[in-house]
Amino acid sequence: MIITVLFVVSLVLGEHFQPLHFQLAHLHTSTHETFQRPKILQEYSKPDLQTDKTSLYNSINVACQYNVSQTIPDAIKSIADALQKPCNEFEGYEITLIDSEHNEYLNIDKDYPGGKETATIWRSNFQSTAIIFSQQKILTVENIEFQYQIVNDSVSPYSYLISTGNVYSPTSLIVRKCIFQSTQETKRINDLYQIYAAYSSKVEITDSIFNGMNFSQISDNSMLYIANSKESILKNCTFQNSQLNSYSQQVVISANTSDVQISIQDCNFSNNKLLGTAVSTLVVQVFDIHNVEITGNTFSNNINSESAVGALSIVDNSQEKRTSSFIVSNNSFSNNKGLASDGFMQFTNVSGTFTKASMTVILNEIFNGSTTDAGKNTVWYEIQYDEGTLVAYFTIPKAKSGKWYQNIYAIIGLVVGLAILIAAIVVIIIAVIIYKKQNQCTN
């Protein structure tokens with residue numbers, strides 16, 4: 001299979017960051033993070049291997065198009081080598097990965113001028129910070145499977161599969177149709193993330209799968225961390241089959257900037273187990289004006305063994321709430337476990353006075369259309385307002401059974417209907433008998 005990697009970048013690098021550490025009801029973030037970025041767009045472009053073998057070694061008719069293979073003699077062996085080739089085209093490099101597996105640590109550290117069925121597997125055979133480590137205008141990655149591997153008894157990369165961001169020049173990260181694999185628990189110092197994106201104008205991840213080791217084996221890494229992005233979009237992604245023994249969450253979106261837009265839509269968070277002090281599988285935290293929409297997602301079998309919540313946590317530390325909004329609508333929660341099975345919500349710096357009754361009205365609107373299979377008290381919330389703190393529980397509406405025989409009202413209706421039908425039949429039979437006897441007497 002052949003994958004095309006398209007670069008349209010101008011890049012500068014940095015390597016220092018401090019991840020967000022959570023404590024229940026007192027969440028905070030560091031603002032001392034610097035980062036990096038490139039742009040990789042991946043597509044399938046398959047030359048005719050029988051009639052055009054030369055295309056495996058050379059640019060495909062167009063300047064800035066190069067093929068990379070680590071198995072074909074005389075081919076360009078790495079993306080880094082391809083990027084050393086001359087290119088003056090405005091659209092940038094288009095690099096095709098010929099092999100089904102590719103090993104490389106890609107560190108984009110200078111300016112470059114600036115595309116299908118099975119994903120190429122990309123690993124790094126070197127002890128590196130990340131497989132892709134950069135900070136630039138746009139990084140787009142499509143249809144690649146990223147994997148950790150063990151090099152000299154240590155996991156590689158030792159921090160991230162993909163790392164992007166630049167505190168001085170906002171970046172964009174776009175990921176489409178990619179697969180991210182985990183690594184087993186090891187003795188390590190660094191926190192591992194499949195994707196870490198910081199200080200971005202936009203992070204958009206669609207149609208991608210984030211895998212743990214499995215539901216019975218502890219992973220060494222978290223899945224996704226987005227820090228201080230103006231716009232974060234997760235759509236039709238799957239985060240699944242993990243055990244994590246750490247204070248880190250599996251998926252975190254945290255923004256300490258204004259006018260934040262966060263959209264998490266049609267995603268599946270399933271079979272994730274937290275063994276440490278992590279708050280929940282998904283955490284969304286904002287510090288300024290924001291619009292957050294979490295809609296149409298499935299949260300199933302997310303288990304928190306030690307701490308608060310199985311599925312979802314929302315923390316709003318913003319000062320101005322009148323121009324901000326949270327929507328958590330049309331989500332399905334099932335078989336989640338924790339102190340509160342489905343959700344934790346914390347609002348600080350709130351003006352006014354709140355009661356449990358008033359918060360129930362607000363939360364009914366926020367969770368409109370969402371359902372759960374759990375019982376009472378499925379969401380735990382904390383409101384810090386002018387006159388004190390309100391801590392209470394809210395119950396997401398019970399999911400309606402899709403099977404008629406599991407619905408007590410359907411069963412009652414069926415029994416009543418059958419009773420009426422039987423009674424009607426009996427009445428008809430009696431009426432027929434009486435009618436016949438009257439006819440016999442008349443005759």
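Predicted model: local features only at pLDDT ≥ 70, side-chain atom pairs only at ≥ 80, totals over all residues.
Start by selecting Ser169: at 29% relative accessibility it counts as partly exposed, a class that sits between buried (under 20% relative accessible area) and exposed (over 50%), with a 1.4 Å probe and protein chains only as cover. Ser169 is in the loop between strand E13 (160–165) and strand E14 (171–176). Helices (H or I, at least four residues) and strands (E, at least two) are DSSP runs, numbered from the N terminus.

Residues are numbered from 1 along each chain as its sequence is written, and side-chain values use heavy atoms, leaving out hydrogens and water.

A nonpolar core here is a set of buried Ala, Val, Leu, Ile, Met, Phe, Trp, Tyr and Cys residues joined through side-chain atoms within 4.5 Å.

Next, the largest core. Which of its 72 residues touch the most other members? Pick Phe146 and Ile264. Strand E34 (residues 379–385) gives this core its largest share, four residues. Around Phe146, show the contacts (heavy atoms within 4.5 Å): leaving aside residues up to four places away in sequence, they include Trp122, Leu161, Cys178, Phe180 and Gln181.

Hop over to Asn272, in strand E25 (residues 268–274). Is Asn272 buried or exposed? Buried, at 1% relative accessibility. A polar atom of its side chain lies 3.1 Å from the backbone oxygen of Phe239.

Then select helix H3 (residues 408–442), where you'll find Ile429. Ile429 counts as partly exposed because its relative accessibility is 46%. Color Ile429 together with Leu414, Leu418, Leu421, Ile422, Ile425, Val426, Ile430, Ile433 and Ile434, and you have a nonpolar surface patch with about 880 Å² of accessible area together.

Finally, zoom out to the whole protein: three helices and 35 strands. Of its 443 residues, 52% are buried. The accessible surface (Shrake-Rupley method, 1.4 Å probe; for residues, only the protein chains shown count as cover) comes to about 20,100 Å², with 52% belonging to carbon and sulfur atoms.

How values were computed
Patch = residues over 30% accessible without salt bridge, like charges linked within 9 Å, V, L, I, M, F, W, Y side chains within 5 Å. Salt bridge = Lys/Arg side-chain N within 4 Å of Asp/Glu carboxyl O. Polar contact = N/O pair within 3.5 Å; in protein donor to acceptor, adjacent residues only side chain to side chain.
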